[in-house]
Amino acid sequence: MILSNAILAVGLLFVVEGILVALAPVYLEKILKVLVKASYENRRLIGLITLGIGTFLIWISQAIS
């Protein structure tokens, strides 16, 4: 069960990243340019916020099912 959920999560990650690259490559390039210009602290903050949102969404999905 845990392994299948992990594989599902990685698969969904690849799907979302693939969609972003396929449908909006120019937008992705702009995002990457902004990230390159951002300080390490701001990148870390963005990562922590994203991690928190992802963890919350996973928790909600497990609570619903």
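Entry 1: I looked up the largest pocket and recorded about 650 Å³ of space in it. I note the method: on a 1 Å grid over the protein atoms alone, a pocket is an open set of points with protein on both sides within 12 Å along at least five of seven lines, and lining residues have an atom within 4 Å of a point. Its volume is the space filled by probe spheres set on the points, which are joined across faces, edges and corners. I found 18 residues in the lining of the largest pocket, with Ala 9, Leu 12, Leu 13, Gly 54 and Ile 58 nearest its centre. Helix H1 (2–23) and H3 each supply at least two lining residues.

**Entry 2: source.** I am working from a predicted model, in which local features need pLDDT of at least 70, side-chain atom pairs count only at pLDDT 80 or more, and totals for chains, interfaces and linings use all residues. Residues are numbered from 1 along each chain as its sequence is written, and side-chain values use heavy atoms, with hydrogens and water left out.

**Entry 3: fold.** I counted 3 helices and 0 strands in the protein chain, taking helices as DSSP runs of H or I of at least four residues and strands as runs of E of at least two, numbered from the N terminus. The pattern along the sequence is α-α-α. The radius of gyration is 15 Å, well over the 11 Å that the globule rule gives for 65 residues, so the protein chain is more spread out than a compact globule. Here I took the radius over C-alpha atoms, and the rule as 2.2 Å times the number of residues to the power 0.38. Along the principal axes, the C-alpha atoms fill a box of roughly 40 × 30 × 20 Å.

**Entry 4: surface.** I find that 2% of the 65 residues are buried; buried means under 20% relative accessible area, exposed over 50%, and partly exposed in between (1.4 Å probe, protein chains only). The accessible surface of the protein chain comes to about 5,900 Å² by the Shrake-Rupley method with a 1.4 Å probe, and 78% of this surface belongs to carbon and sulfur atoms. Leu 57, in helix H3 (residues 40–64), counts as exposed at 52% relative accessibility.

**Entry 5: salt bridge.** I found 1 salt bridge in the structure, defined by a side-chain nitrogen of Lys or Arg within 4 Å of a carboxyl oxygen of Asp or Glu. It joins the side chains of Glu 29 and Lys 33 at 3.6 Å, N to O. Both residues lie in helix H2 (residues 25–37), 4 residues apart, about one turn of the helix. Glu 29 is partly exposed, with a relative accessible area of 45%.

Notes
On a 1 Å grid over the protein atoms alone, a cavity is a set of points where a 1.4 Å probe fits but cannot get out, and a pocket is an open set with protein on both sides within 12 Å along at least five of seven lines; lining residues have an atom within 4 Å of a point.
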